[in-house]
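Visitor: I am new to this structure and would like a short tour. Could we begin with the aromatic residues?

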Amino acid sequence: MLKIWTDGSCLGNPGPGGWGFIATDGKNIAERCGGEKNTTNNQMELTAVIRALTAAKKHDEIEIHTDSQYVKNGMESWIANWKKRGWKTADKKPVKNVELWKQLDELASNKKLHWVWVKGHAGEEFNERVDDLARTAAESYK
């Protein structure tokens, strides 16, 4: 099984932002990062997972480690009802970042994903590394 760690960062919210991911199959490790000039933290959290899943297209089963409750809860608890309601929240408001959620939903539709929440800034090696990747990417868009 492929294991992926993701993170997003934003300097200001909105502001310059970055995303990063690390993927490992147990033998090899790949790191990627990027960013945008004007974005939000949640958009970068979503983008990190989207970029990771896009890169992992040949893998069917993936364990995703994230410190974002927004992304994890969105995928495990909220997205099914958003889709049933035409991408509206329980209080009938449009889902924020809907285009990113739709991309993520499409990428996830043909994969078996296991979501693992990781406490941020708690010393977990790969989570700390993706935090560095995302922050460095955000800095480059200042």
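**Aromatic rings, core and pocket**

Guide: Trp78 and Trp82 both belong to helix α2, where they sit four residues apart, about one turn of the helix. Please note that this is a predicted model.

Visitor: What kind of aromatic pair do Trp82 and Trp101 form?

Guide: Their pair is edge-to-face, with 5.1 Å from centre to centre and 70° between the planes. Trp82 is in helix α2 and Trp101 in helix α3, so the pair ties together parts 19 residues apart in sequence. Ring pairs also link Tyr70, Trp78, Trp82 and Trp101 into a cluster.

Visitor: What else is Trp101 in contact with, beyond its neighbours within four places in sequence?

Guide: Its contacts include Leu46, Tyr70, Met75, Ile79, Trp87 and Val95.

Visitor: On to the core, then. How many residues does the largest nonpolar core have?

Guide: It has 28 residues, and Ile4, Ile62, Trp101 and Leu104 are those with the most contacts inside it. Helix α1 gives the most to this core, with seven residues. A second, separate core of five residues includes Trp5, Ile22, Val130 and Leu133.

Visitor: And what is the volume of the largest pocket?

Guide: The volume is about 250 Å³. Of the 14 residues lining this pocket, Leu2, Ala23, Ala30, Ala55 and His59 are the closest to its centre.

Visitor: What classes of residue make up that lining?

Guide: The lining has eight nonpolar, three polar and three charged residues.

Technical notes
Residues numbered from 1 in each chain as written. Predicted model: local features only at pLDDT ≥ 70, side-chain atom pairs only at ≥ 80, totals over all residues. Heavy atoms only, no water. Core = buried A, V, L, I, M, F, W, Y, C linked by side-chain atoms within 4.5 Å. Buried < 20%, exposed > 50% of the residue type's maximum accessible area, 1.4 Å probe, protein only. Helix = DSSP H or I, 4+ residues; strand = E, 2+ residues; numbered from the N terminus. Contact = heavy atoms within 4.5 Å. 1 Å grid on protein atoms, 1.4 Å probe; cavity = no way out; pocket = protein on both sides within 12 Å on 5 of 7 lines; lining within 4 Å. Points joined across faces, edges and corners; volume = space filled by probe spheres on them. Nonpolar A, V, L, I, M, F, W, Y, C, P; charged D, E, K, R; others polar. Phe/Tyr/Trp six-rings, centres within 6.5 Å; stacked < 30°, edge-to-face > 60°.
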